[in-house]
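This note sets out several points for a colleague who is meeting this structure for the first time. Please read each point with the sequence and the model at hand.

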Amino acid sequence: MKQFKLNHLFIVLAFVAILASCHKDKTTPTPDKPTAQRAGIYILNQGGIGKNNSTLTYYDYSSKTLTADQYVAANTSKLGDTGNDLGIYGSQMFIVLNNSNVITVVNAKTAKLKKQITLNQPRSVVFYKKNAFVTSYSGTVSVIDTASLTITKTITVGSDPEQMVIANGKLYVANSGGLDLTPATTVSVIDLTTLAETKKITVIADPISVTADAYDNVYVLSLGNFVDVNAGLTIIDAKTDAVKSKPTVSLGYNIPIYVQGDFVYFPTADNKIAVYNAKTQTLSAANFITDATTLAVPFAISGDPLTGEIFVTDAIDYSSAGTLYAFDKTGKKEYSITTGTNPGKIVLLDK
Amino acid sequence: MKKTISLIINYPGLLPGCLAILFCSLLPIHLFAQSDTIKNIKEVRVTSSVMPAAQGVIPSQTISSADFIHYNAFNIADAVRNFSGVIIKDYGGVGGLKTVSVRGLSANHTSILYDGVQINDAENGQVDLSKLTLNNVQQITLYNAQPPTLLQTARAYASASVLSIETIKPHLEASKPYLITAGIKGGSFGLVNPYLQWQQRLNNDWSFIINTYTQNANGNYKYQLDDGASSTQQTRVGTGVAIQQIDGALYWNTTDNKFNLHINYYNSDRGLPGAVRLYTPPPIGQKLYNRDLFVQSGFEHDWHNSLKLLVNAKFSQNQLHYFDPQFPNSVGFLDQHFSQREYYQSTALVYHIKPNWEVSYSADLSVNNMNADLANFRYPTRITLLNVIATNLTFSDWTLQGSLLNTNINETVKTGVTVPNRNVYSPTLMATIKPFNDKNFQLRGFYKYIFRLPTFNDQYYNFISNLNLKPEFTHQYDLGFSYSKSLQGLFDYITLTTDAYYNNVTNKLVFIPTVNYGYTQNFGKVDIKGLDVGVKTQVKLAAYRLSLSANYTYQQALNVTDPASNTYLNQLPYTPKNIVALNAGVSRGQVSIYYNQVLSSSRYYDNDNVDADYMPSYAVSDASVVYKTIIKHFPVILSAEINNLFNKSYVVVQSYPMPGRSLRFSFQITI
């Protein structure tokens, strides 16, 4: 990241991307049995950096229609540059557009624009008690009142904060420091009552993704420092806020992590989806996928706890349309959907 | 080989005072100081009845200094943009980066020769053509494959195509031993660009030329930003430039010997704003500082007994400083320094076995290293040894040329691991034949196998360094014809060239930018089928002289990496299938008017060929008027140029808007 800008200047000149990967299965989604309460599924596509081509794919379960960009369909105008995160809270959906420096708040069901909130380099969003919490590369977490849609408080955390998770009544923020010469190595703990940072927990360098299970374990995936620290997993006990373990797992450089029930899903260095058992704290499967489906670049993982399905997106070559795969709970592919470029977030919409 | 190297190293000792030791900058080279007016005028007279050379062994396209104004050319990129087979990538504005790619191959496959010696960039592999101005340039030629001469450096054989820049050489008489040209250009973007050229004859054998210029501009321009629903006008700011360059060359010419020593220093501060993004204020404050120095020297000896020798040496040092005041790290800015050096020696020997049969041997040794103030930087050093044998057979109706290049590369790093040594053989074969009684018609064809190495950036400079990268290999096949005829009467001449080609690329090196980091991969295969067509003529009609040229480029550049992929058989990003470039001029007496038109068909900026990645076609027109006169026996040229005559809003690179209509005026006097 440090020299990313420079790369951009020069090398990017050369990126005529050609790519690889194998799936020509076009979109013929036949979702098994989406439960009655689900309306459809949103996929936020980052697009390319500086290309202003972030899009919002929507697949409607009842009409079985796929809309390549629901935001443009609803608003005509484009979403913006590098949509990094998306979250639904009540009737509203918050779309975090990193390089456009805005949080675009829309009606969750229609994607109709309600308000754009300006925030420098926003990254991720979570919700708690009528507040949205948004990390910013300014080294802060902004608290946004979901009723007034204004920033009511800004909490200073570490450098380049990325993802957040709420566990045991506290907010855990991954401070990546990913744009600094030396990555950061902490997770900030924020008291959700006082809205103040109470602690910094040391984890593996360059933490990016966080999630939590039902047993008050917080899982932190880090990229490492690209020199002598490899990408790794740190597990924090949210009861004591101490590091519980750093299990040795295989990790690549795309590191979404997702918990569903007793299982934690994350991609491995060879682009499989590993499953870690939250209850026994052991690796339970080297690859969740049990059929012939292969992934080139696993980019986002989510699921539907009601059906046990797991969704995984594939960014393929970072420069063309991606794919969303839906797997049943046994790891067999149910269907796939063509997404936009770099599908980075999957969120279910309820009716 | 050893013998050759020692020869190279010892040689300078034979030339007291003229040691071929060089400082050199990789990039910039040029000088402002346009060629002298007298020469231009002469050339116009001469070239008006001399047709352009179209019948080379290899497809080539040339533009000379007298024609730069026809194309409103301000830098090298502008001058070559009408060439067939060429795609210029332009980030817009006075200081915007410009690179040239030829026949569907990436810009790294085109090497830039400056008086026969390559401007090399081991760090990026691409030379920013906006840094090359035209004031000291006599002629620019684009060769597909390689230049057809044998007396040249081994590096001239080592790329898929060659853009060869020849500088102005003094040719003065004792009766008037000096020639001074001074001028100034100015206009839109706040451009102020004074330049000076001093040519001096010292005696029968010795002469020198000095060129210098400064160029300042605020660079600001208006553009339209479209969010899909509405379009708003914004101003591109922070694109200012402050550039100074000085270039001096010393020449010694006798019947048997030619020697030159060339020194060049380039200093630029350029505003280089990033991509324009929706919903956020335009980027501002990103700056690129270049401090480039090079010294290059060449010596040529002809024994007149069928043996010729060419020795070249070069030293270059390029310093690059990038500053981004909006970088979202914890200090709030990005401040990086990079420097690279090159030490280079080349020797070539050509022997005429028979008058129509030449053989040659060229050997180049270069050492490149790089520093950067990045954490855990590996400080790579690359030693490259090139050996070429080549031969050329000429008969009345056909020629045959072949070369074999051996590339041997050794890389070391101060910390960490490096790449394995490489040793690659790459052949080229070319032939021409005149099959008919009409000798104006010639068929030609070539095959070339060549590669480009991963750059230092590709290998060492990214977060995830990729030491397993393989070179990107290309096979080029070309078949074409040329017809060129001098005519009496209305037309002075007509030339027509057409080449069809097939290029195949494997292990294509692709940079993958991601939000937090980027890296390069060998990502695939490309099949490129193309057609280059060029026609040129000149008409005399009463007191009017009309010139007309048209170039057409067809490129089908398909991703053939993986038949199972959704992007299989898709056109490569940023590769228009059709480009038409037209140029017309009319002159009468002292006044000339020129019009240039470039039409590019639509393109895609990503690997999908779908609406979401679509970039519409564009047509850009330029016009100029030139007035030549004599003021107190001093030739004077006045010109006015309009770029983007119809004020079209367009982009070449996604999110980098191009300027609308702009003006440039110039005044030049020769003493």
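Strands, as the word is used below, are DSSP runs of E with at least two residues, numbered from the N terminus.

1. In these terms, Tyr318(A) lies in the loop between strand 25 (309-314) and strand 26 (321-327) of chain A. The model is a predicted one, and in it Tyr318(A) has a positive phi, near 65 degrees, although the residue is not glycine. Most residues other than glycine have a negative phi. Tyr318(A) has 26 other C-beta atoms within 10 Å and is therefore buried.

2. Asn342(A) may be read alongside. This residue sits in the loop between strand 27 (333-341) and strand 28 (343-350) of chain A, and its phi is likewise positive, near 60 degrees. Asn342(A) counts as buried because it has 31 C-beta neighbours inside 10 Å.

3. How many residues of strand 17 (residues 217-222) of chain A are buried? Six of the six are, so this strand is largely enclosed by the rest of the structure. In a regular strand the side chains alternate between the two faces of the sheet. Here Asn217(A), Tyr219(A) and Leu221(A) point one way, while Val218(A), Val220(A) and Ser222(A) point the other way.

4. Strand 17 of chain A has antiparallel partners. Five bridges pair it with strand 16 (residues 207-212) of chain A, where Ser209(A) stands opposite Leu221(A). The hairpin of these two strands has four residues between them, and Asp216(A) there takes a positive phi near 60 degrees. Six bridges join strand 17 to strand 18 (residues 232-237) of chain A, with Asn217(A) opposite Asp237(A).

5. The largest nonpolar core has 102 residues, and Ile95(A), Tyr172(A), Val218(A) and Tyr265(A) are those with the most contacts inside it. Strand 5 (residues 92-97) of chain A gives the most to this core, namely five residues. Beyond its neighbours within four places in sequence, Tyr172(A) is in contact with several residues, among them Met164(A), Val187(A), Val210(A) and Val218(A). A second, separate core has 66 residues, including Ala73(B), Ile88(B), Val117(B) and Ala156(B).

6. Confidence deserves attention. The model scores ipTM 0.86 and pTM 0.88. Chain B averages a pLDDT of 88, and 90% of its residues score at least 70. Within chain B, the mean is lowest in helix 1 (residues 2-10), at 31, and highest in strand 9 (residues 191-201), at 97. Residues 1-49 of chain B have a pLDDT below 50, yet this stretch has 151 contacts in the model beyond near neighbours in sequence. Where pLDDT is low, the predicted coordinates should not be read in detail.

Technical notes:
Residues are numbered from 1 along each chain as its sequence is written. Chains are lettered from A and ligands numbered from 1 in the order in which they are written. This is a predicted model: local features need pLDDT of at least 70, side-chain atom pairs count only at pLDDT 80 or more; totals for chains, interfaces and linings use all residues. A nonpolar core is a set of buried Ala, Val, Leu, Ile, Met, Phe, Trp, Tyr and Cys residues joined through C-beta atoms within 7 Å. A residue is buried if 20 or more other C-beta atoms lie within 10 Å of its own, exposed if 12 or fewer, and partly exposed in between; C-beta atoms are placed from the backbone. Two residues are in contact if their C-beta atoms, placed from the backbone, lie within 7 Å. Two strands pair if DSSP finds at least two bridges between them. pLDDT is the predictor's confidence in each residue, from 0 to 100.
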